[in-house]
Amino acid sequence: SLPLSQASVSRVAVVGPLANATTELLGNYFGWPSHVESILDGVRAEIGVQGVSFAPGCDLLSPPGSAAIHGKIAAAVRAAAGVDAIVLVVGLNCTIENERHDRSSLLLPGAQHELLSALSAAAGQASIPLVVVVVAGGAIDLSMPRDDANVSAILLAGYGGQAAGTAVADALFGKFSPAGRLTQTFYSNAYLSEIGMPDMRMRPTTGTGTGGGGGAPASPGRGYRFYQGPHIVYGFGHGLSYA
């Protein structure tokens, strides 16, 4: 489904809590640029403002299930009506992950899964591409979009910096072929039940204890060299190009 062709895609819905993000795209090591392009800005520059609809769909951290969230998600679905493709921008920011704040979950936070489900249904009903763009610096459990038949592609954008909007739009519309390779293993959230956060052992070990005076518990190992368990969503080095 990628790259999107301007011959067949002239109307795009750019939705999601990070679709119009700017300073969030800078990560946490940066100087202050004169301007920052959001991904919404990049797509508008590519096909024209009139061809792009926008709705955030949800906030980054708002919990799912509330009436307010349902209303925002419904507005995102309406923004995606009558378009040729949907670009859903999800992920994290540096209030969720940074050097002084470890995450206790690998799932997308807030109502982002709920938003993805609603837009997947809309894309499937309209038979149009749904591209999920992920803004994040750390690993995320992407098994939900990976296993969704209506999700056409996943683009990991990282924290793209001041020109992230142009860079993502260039990748979406084929001005260059993205060929990045994952620098880490992306586990499913179930991996967290296999290994404790303070456990720094790399190689898998056996053990029957629970830690402390009871002896070390078993460890499944870490990383592409040692972990052989079932909870890998995308392995180290994974990445596709248009070739």
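This is a predicted model: local features need pLDDT of at least 70, side-chain atom pairs count only at pLDDT 80 or more; totals for chains, interfaces and linings use all residues.
**View A. The largest pocket and the residues that line it.** The lining of the largest pocket is made up of 34 residues, and those lying nearest its centre are Ile154, Leu155, Leu156, Gly180 and Leu240. Strand 5 (153-156) and helix 5 (164-172) are the elements that contribute two or more residues to this lining. Sorted by class, the lining residues comprise 21 nonpolar, 12 polar and one charged.

**View B. The second largest pocket, with about 700 Å³ of space.** Lining the second largest pocket are 22 residues, of which Arg103, Leu106, Leu192, Met197 and Arg222 are the closest to its centre. The lining of this second pocket divides by class into nine nonpolar, nine polar and four charged residues.

**View C. Serine 38 in the loop between strand 1 (12-15) and helix 1 (39-47).** Serine 38 has a relative accessible area of 0% and is therefore buried. The side chain of serine 38 is joined to that of asparagine 20 by a polar contact of 3.2 Å. When neighbours within four places in sequence are left aside, the residues in contact with serine 38 are Ala19, Asn20, Ala21, Thr22, Leu25 and Gly165.

Methods: Residues are numbered from 1 along each chain as its sequence is written. Side-chain values use heavy atoms; hydrogens and water are left out. Helices (H or I, at least four residues) and strands (E, at least two) are DSSP runs, numbered from the N terminus. Buried means under 20% relative accessible area, exposed over 50%, partly exposed in between (1.4 Å probe, protein chains only). A polar contact is a pair of N or O atoms within 3.5 Å; within protein, one must be able to donate a hydrogen and the other to accept it, and residues adjacent in sequence count only if both atoms are side-chain atoms. Contact means heavy atoms within 4.5 Å. On a 1 Å grid over the protein atoms alone, a cavity is a set of points where a 1.4 Å probe fits but cannot get out, and a pocket is an open set with protein on both sides within 12 Å along at least five of seven lines; lining residues have an atom within 4 Å of a point. Ala, Val, Leu, Ile, Met, Phe, Trp, Tyr, Cys and Pro count as nonpolar, Asp, Glu, Lys and Arg as charged, and the others, Gly among them, as polar. Grid points are joined across faces, edges and corners, and a volume is the space filled by probe spheres set on the points.
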